[in-house]
Amino acid sequence: MVRGTSIVSDWRQYVVYIGFTLIFVIFAITLSDRGFLSANNLLNIARQTAIIAIMAMAMTFVLCAGEIDLSVGAIAGLASVTSALALSRYGLVPAIAAGLCTGLLVGAVNGSLTAWIGIPSFLVTLGMMGFARGLGMWMSGTSPVPVIDETFIAIFGSGNIGPVPILVLWVVILGALAHTALRKTPFGRKILATGGGETAARYSGIKTKTVKFQALLMTATAASIAGMLYAGRLHSGRFQLGEGDELSVIAAVVLGGTSLFGGAGTVIGSIVGALLIGVINNGLILLGLDFSQQLMARGVLIVLAVALGRSQRA
């Protein structure tokens, strides 16, 4: 009985890789005449997935710590506006600084209210989602802020190094750093210990409030980088950018094997989860489904992810 339970548990650890392989093969066979396997389409999937993957890496730390961040999409939109405004007035370096400072400031507020004041992160980040969206709308006057600096565009979004898109390189570099941080450093072990049992972690000497603050600071900073990538790719900063991304990010992380209840997760699984969602979205478009049907399919995927997370906990 114990052996059978262990086999099922092991199988669940690899469900995202199995699901990704199955769906990719199915689309490769059924959509081969529509260009699914073409180099341009595969690179397009990688580009569209990259920004979600970057936010999902950081969200992995937050969920592992037993918290959640619903404001990542709104922070991305706000950071795209602040960096675009700074770029138009002061140049490249101030624009990057403005984007990063946006994430750091918002993350500090989210982390302080959650870790030090004790307000649940669900409520804090839900409120921050509305505030950040409104602030971005007010700062931009509801209009797109043009991004015409070629260097900014090349670094954030539209450039290539050889045949490899810059967006993919961002995922590879940040993914390697995040995976190492979670698996090989004391910080990663503190994150997992805090989410696995906060009281026990505190008695073992871990400053759990500081750990949660740092995790929420990470997600907001990653979201601000995502916002600059959106601005570079679309050549404008818009408050609407990132709208709804929080659901895709959380679904990618949970599909990748991270528990919604903390204490377990992998960065690589989250990246594959984001790729899985990107492949599904691409396949649905090639199948000719309209936007409403794509939303329904995505909703089913999120419910499946949550159900999987609960079964893993059980």
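**Reading rings, charges and a helix**

Me: Is Phe 61 buried or exposed?

Reply: Phe 61 counts as buried because its relative accessibility is 0%. The word buried means under 20% relative accessible area, exposed means over 50%, and partly exposed covers what lies in between (1.4 Å probe, protein chains only). By that scale Phe 187, at 23%, counts as partly exposed. This is a predicted model, in which local features need pLDDT of at least 70, side-chain atom pairs count only at pLDDT 80 or more, and totals for chains, interfaces and linings use all residues. Residues are numbered from 1 along each chain as its sequence is written, and side-chain values use heavy atoms, with hydrogens and water left out.

Me: How many aromatic pairs does the structure hold?

Reply: A pair of aromatic rings is described by the distance of the centres and the angle of the planes. Rings of Phe, Tyr and Trp (its six-membered ring) pair if their centres lie within 6.5 Å; planes under 30 degrees apart count as stacked, over 60 as edge-to-face and the rest as tilted. The structure holds six such pairs. One of them is Phe 27 with Phe 36, an edge-to-face pair at 5.8 Å centre to centre and 65° between the planes. Both Phe 27 and Phe 36 are buried. In another pair, the ring centres of Phe 61 and Phe 187 are 6.1 Å apart and the planes are at 20°, so this pair is stacked.

Me: Which helices hold Phe 61 and Phe 187?

Reply: Helices (H or I, at least four residues) and strands (E, at least two) are DSSP runs, numbered from the N terminus. Phe 61 lies in helix H3 (residues 39-64) and Phe 187 in helix H9 (residues 186-196), so the pair ties together parts that are 126 residues apart in sequence.

Me: Which residues form one aromatic cluster?

Reply: Phe 20, Phe 24, Phe 27 and Phe 36 form it.

Me: How many salt bridges does the structure hold?

Reply: A salt bridge is a side-chain nitrogen of Lys or Arg within 4 Å of a carboxyl oxygen of Asp or Glu. There are three in the structure. In one of them, Glu 67 and Lys 212 bring their closest N and O atoms to 2.8 Å apart. This pair links distant parts of the chain, 145 residues apart: Glu 67 is in the loop between H3 and helix H4 (72-90), and Lys 212 is in helix H11 (residues 208-234). Both Glu 67 and Lys 212 are buried.

Me: What is the distance, N to O, between Glu 198 and Arg 202?

Reply: Their side chains meet in a salt bridge at 3.4 Å, N to O. An α-helix has 3.6 residues a turn, so residues three or four places apart point the same way. Glu 198 and Arg 202 are four residues apart in helix H10 (residues 198-203), and are therefore separated by about one helical turn. Arg 202, at 44% relative accessibility, counts as partly exposed.

Me: How many residues of H13 are buried?

Reply: Of its 20 residues, 16 are buried, so H13 is largely enclosed by the rest of the structure. After H13 comes Gly 288, with a positive phi near 90°.
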